[in-house]
Amino acid sequence: MVSTPKYRALAGIPALIGLSFAITVPTRCYAQAANNATSSESATAEQISPAVMKKFEAMEARIAQLEAELQARPAAQQTPALAADPGGKISIASLQTPQQPSAGSKGAQEVSPAEATPSEPFAYADWTWLNGTPRNKDVVWDSKFFTPEIRFDTSFVHSFNKPQDDTLGGSTEIFRSNEFQMDQISVGGDFHWQNVRGRILTMNGLFATTTPRNDASPGRGQWQLRDAYRYVSEAWGGYHFDVNHGLNVDAGIFVSYIGLFSYYNFDNWAYQPSYVSSNTPWFFNGVRIQWFPTDKLKIEPWIINGWQSYGRYGSKPGLGGQILYRPKSWLSLVFNNYGMGEDTLGNGYGHVGRSRIHTDDSVLIKYYDNPHKFLDKMAFSVTGDAGCEYGGGVSCYGTTKGGPKQSFLGWMAYNRFWFNHDRYGLTIGGGQMNNPGRYLVLLPPINGADAISGSPYFTQNPGDPYKAWDASITYDWMPKQYITFRSEYGYRHANVPYFTGHGGITPPGGNTTVVLTNGGSSPGLVSGTTFVPGPFLSATPGFTCVAGATGWCPDLRKNEASLRFAIMVKF
């Protein structure tokens, strides 16, 4: 309320009424006892001191003055707080209403009801049941400026092939056999202040080595991009615009949504995802724009360097985007698309002229939810992927004058069960892929090979065949929302020798692959090794590796069964 002498006078009215009540009550009692008006007035006068009567008379005069001023004021200038009622009396209750500027007063503005603040995107439901989404319902600590995030992922994997070098290939989640390994050690969080936002999450552990080695873009040009970025999984900054339900513009390294599963195993229903997730990008480097036209829809374009690449492979950037639609609390639809990017490493400036297109689409449905039952929740996810490469000697449409067919087709499906208030979880699932040309097949680290060096022991030439399928069953114990104890059995099969066998994929004398100054490596063929004509369905189609007296050939198998155990923590 505005404080003025006039308001201070009016503020004394309640006290005045109380004083009048205190005076008149004893007067009435006395009058009833005396039985005549004269003696009543005399007794009353005797009880009231001259000082009190003088104050009472001054207040009466002040009220009369204020009423006269209000009646003289034009009606348009009267405020709700001071407007007189038809009886010419001031409403004491109205005095507690804050004074608003009148329409004709200086600086006045039209008063309208406050517009409702747009709701947060997807905040209308609990989405912790989703595959690829953290299941934490509470934040351990938060502030207006920073929300921390800490992750640990420790695993023990046993391959029934029992490789003598303890090395596994063909995965972005399991890398060593019969050893305890830290796959992820990450510290960071989200920064947010006055619509400015940023996020950083470090990446230490095996992921700091296994993820960069699958990116061949540092083989073009200088500055050793693998070393520059290997210890961060996310690092971006941006700005939030208050448009519709939100508009974010961010630049840097951010996680990829292609393949449904999260980069971080804690968020997923299974430890080793199927091929359409494990063989597709975990991160992008570029700019993303997240637009939320409603609280149930996100439209997100990307302008990026390429397909999970720190740099560009050729002359064109990659373009893509996601549409995420969640119309109901039990349904999530995800559509990812990528195109135009040149993602094949060439010589020199690397302009092979081969472009890639890819679509990745998922449906997630929670078809049962009863928290009062021991089996309290059930959900499933289905993902389908399709894509191809064209130009630079390959074609999307089979063997033509443009070159052999270079394509990708795959799917995966998982069903998840939760028990006893989400303390236990069980997931059954698997998938399949067909990738002629092998451009999305993860190169095994044979003799230290990586995406830049390639390997003469497992070729990735146009038209090289590769089909594979897998299945897994996963059991989770989740005593707290911040930790998961996971046990998993998985089986993987390929139509060509691909997985590490008992003989291993490391030469007896150690790796002979030569590391180059740009952070890559050159193909490592052990001296004395030869290749003779062989079957088309092989690691080297049309040829078979022969070690001879002094050479060496890796032990590759078509099958791999393994047990996977992990303790995963996320704060």
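Two strands are said to pair if DSSP finds at least two bridges between them. Strands themselves are DSSP runs (E, at least two residues), as are helices (H or I, at least four residues), and both are numbered from the N terminus. This is a predicted model, in which local features need pLDDT of at least 70 and side-chain atom pairs count only at pLDDT 80 or more, while totals for chains, interfaces and linings use all residues. Residues are numbered from 1 along each chain as its sequence is written, and side-chain values use heavy atoms, with hydrogens and water left out.

Asp470 stands opposite Arg492 in strand 15. The two strands concerned are strand 14 (residues 467-480) and strand 15 (residues 483-494), which pair in the antiparallel sense over 11 bridges. Between strand 14 and strand 15 the chain turns in a hairpin of 2 residues. Strand 15 also pairs with strand 20 (residues 559-570), again antiparallel and over 11 bridges. Here Ser487 has Phe565 in strand 20 as its bridge partner.

Strand 4 (residues 232-241) pairs with strand 5 in the antiparallel sense over 7 bridges, and Gly237 stands opposite Ala251 in strand 5. The hairpin formed by strand 4 and strand 5 has 5 residues between them, and Asn244 in this turn has a positive phi of about 50°. Strand 5 is also the antiparallel partner of strand 6 (residues 283-294), over 9 bridges. Val255 has its bridge partner, Phe283, in strand 6. Strand 5 (residues 247-255) is mostly covered, with 7 of its 9 residues buried. Buried means under 20% relative accessible area, exposed means over 50%, and partly exposed lies in between (1.4 Å probe, protein chains only).

Rings of Phe, Tyr and Trp (its six-membered ring) pair if their centres lie within 6.5 Å; planes under 30 degrees apart count as stacked, over 60 as edge-to-face and the rest as tilted. A search of the whole structure finds 28 such pairs. One of them joins Phe122 and Phe292 edge-to-face, at 6.2 Å centre to centre and 75° between the planes. This pair links distant parts of the chain, 170 residues apart: Phe122 is in the loop between helix 4 (50-72) and strand 1 (146-159), and Phe292 is in strand 6. Both Phe122 and Phe292 are buried. The pair of Phe283 and Tyr310 is stacked, because the ring centres are 4.9 Å apart and the planes are at 20°. It too links distant parts of the chain, with Phe283 in strand 6 and Tyr310 in the loop between strand 7 (297-304) and strand 8 (318-328), 27 residues apart. Phe283 counts as buried because its relative accessibility is 3%, and Tyr310 counts as buried at 5%. Elsewhere, ring pairs link Phe175, Phe207, Tyr263, Tyr264 and Trp282 into a cluster.

A cavity is a set of points, on a 1 Å grid over the protein atoms alone, where a 1.4 Å probe fits but cannot get out; lining residues have an atom within 4 Å of a point. The whole structure has 4 cavities of 30 Å³ or more. The largest cavity holds about 60 Å³ of space, and its lining residues include Phe207, Ile253, Tyr263, Phe283 and Tyr310. By class, this lining has 9 nonpolar, 2 polar and 1 charged residues; Ala, Val, Leu, Ile, Met, Phe, Trp, Tyr, Cys and Pro count as nonpolar, Asp, Glu, Lys and Arg as charged, and the others, Gly among them, as polar. A volume is the space filled by probe spheres set on the points, which are joined across faces, edges and corners.

Ser186 is found in strand 2 (residues 180-193) and counts as buried, because its relative accessibility is 0%. Its side chain makes a polar contact of 3.0 Å with the side chain of Gln184 and reaches the backbone oxygen of Thr202 at 2.7 Å. Ser395 sits in the loop between strand 11 (375-390) and strand 12 (407-419) and counts as buried at 8% relative accessibility. The side chain of Ser395 reaches the backbone nitrogen of Tyr397 at 3.1 Å.

Methods:
Polar contact = N/O pair within 3.5 Å; in protein donor to acceptor, adjacent residues only side chain to side chain. 1 Å grid on protein atoms, 1.4 Å probe; cavity = no way out; pocket = protein on both sides within 12 Å on 5 of 7 lines; lining within 4 Å.
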